[in-house]
Amino acid sequence: MNWILNFRTKFVEKVKKTFKRDRPSKTEQANSAWINCPGCNQMKLRDDLKKNFNVCECSHHFDLDPKILFTELLFDNGEWERIPCPPADPDPLNFKIGETKYIDKYNINIKKTNQDSAILAGLGTVNGLKIVAFGYNFAFGGSAMTPRENEQLLSGIQKALDEKVDGVISIYQSGGMSVATNIHGLSTMPKQMFAMKELREAGIVTIGILESKITGGTFCNTYGNDFLFSTNPNNESQLFAGKRVSASVNKGQALPEDFGVSKSLLSLGMIDGIFDSRMEIRQRITNLIRVLLKKSEKESREESTSNVKVDIPTAI
């Protein structure tokens, strides 16, 4: 009987080896011409998605590089000034796991995204209105917030105050504060809240645009905006904790199917509105700002509204 068992074992192993399908690596998936859409569960050509700013026909929104968003979707004629990122230390604790240093991973993200921090800050005009915009690049380590990202925010807000802009627009997508920075990261939260308050006191309209995947400490400045909108009705993970973490905390209590989804947040009064897609950002925000500032398109091209100059102390 042993020979039968041995034959069956060898036969099964041979079949598994013959028909085994190796799962593609992350690099292979990233370099593939195709990507699976979680919204419609269909394979899509990446080139087709790029033509539509990474929005699928089913309306699912894939991540979009903020440089593309600024140049092709937001600023007039694709022209904008990049606001430099101050040289703050993103790794004050020299954090590492095993032999992997956090600063090495951070530097890899710098080279990969061509950004000095996870947040891209730009100054330009949008339909004639003077705007400072912040774009959170999720490809940069999940847009984890370190002291350097905090300094990028503060420098951008200071620029908005100095230039007396009409509005500050933030396109959010972040996993929150970097755990590698510990208290150094958490200490930046009240500074961001203070800076958002200065914008309001200066009469500058602030609008937050929510993409999917926004959790944790990012909300310290998210809810400091005058208005919050989501780019799509089905955007997910737009609460402080995601669905998986919340479910583990509330064991035995089923979460709603639409937990953390844009349309749920709107029904609960947590956001002010939802766009059909990110292609609407430019027109919708300028319409709102013009109404609030009582400015026509002609006036917005000729003058600035805020006349209050405030200096924001940078993080220590």
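Leaving aside neighbours within four places in sequence, Val 168 is in contact (heavy atoms within 4.5 Å) with Val 132, Phe 134, Ala 160, Leu 199, Ile 204, Val 205, Thr 206 and Ile 207. These contacts come from a predicted model, in which local features need pLDDT of at least 70, side-chain atom pairs count only at pLDDT 80 or more, and totals for chains, interfaces and linings use all residues. Residues are numbered from 1 along each chain as its sequence is written, and side-chain values use heavy atoms, with hydrogens and water left out.

Val 168 is also one of the residues with the most contacts inside the largest nonpolar core, together with Val 132, Phe 134 and Leu 199. A nonpolar core is a set of buried Ala, Val, Leu, Ile, Met, Phe, Trp, Tyr and Cys residues joined through side-chain atoms within 4.5 Å. Buried means under 20% relative accessible area, exposed over 50%, and partly exposed in between, with a 1.4 Å probe and protein chains only. This core has 31 residues. Two or more of them come from each of β6 (119–126), β7 (129–136), α6 (147–163), β8 (167–174), α8 (189–201), β9 (205–214) and α9 (219–222). Helices (H or I, at least four residues) and strands (E, at least two) are DSSP runs, numbered from the N terminus. The largest share of the core, five residues, is supplied by α6. A second, separate core has 22 residues, among them Leu 64, Leu 120, Ile 209 and Ile 289. In soluble globular proteins, nonpolar side chains tend to be buried together.

After α8 comes Gly 203, with a positive phi near 80°.

Helix α12 (residues 281–293) can be described in a similar way. At 1.5 Å a residue, its 13 residues should span 18 Å, and its end C-alpha atoms are 18 Å apart, which agrees; the expected span is 1.5 Å times one less than the number of residues. Ile 281, Ile 285, Thr 286, Ile 289 and Arg 290 are the buried residues of α12. They fall within an arc of 140° seen down the axis, so they line one face of the helix. Just after α12, Lys 294 takes a positive phi of about 55°.

A loop residue is worth a visit too. Asn 225 lies in the loop between α9 and β10 (227–230), and at 7% relative accessibility it counts as buried. Not counting residues up to four places away in sequence, Asn 225 touches Tyr 172, Met 196, Arg 200, Thr 206, Ile 207 and Gly 208.

For the chain as a whole, the secondary structure comes to 13 helices and eleven strands. Buried residues make up 45% of its 316 residues. The chain averages a pLDDT of 85, and 86% of the residues score at least 70; pLDDT is the predictor's confidence in each residue, from 0 to 100. Over residues 303–316 the pLDDT is below 50, and this stretch has 39 contacts in the model beyond near neighbours in sequence.

How values were computed
Arc of directions from axis to C-beta.
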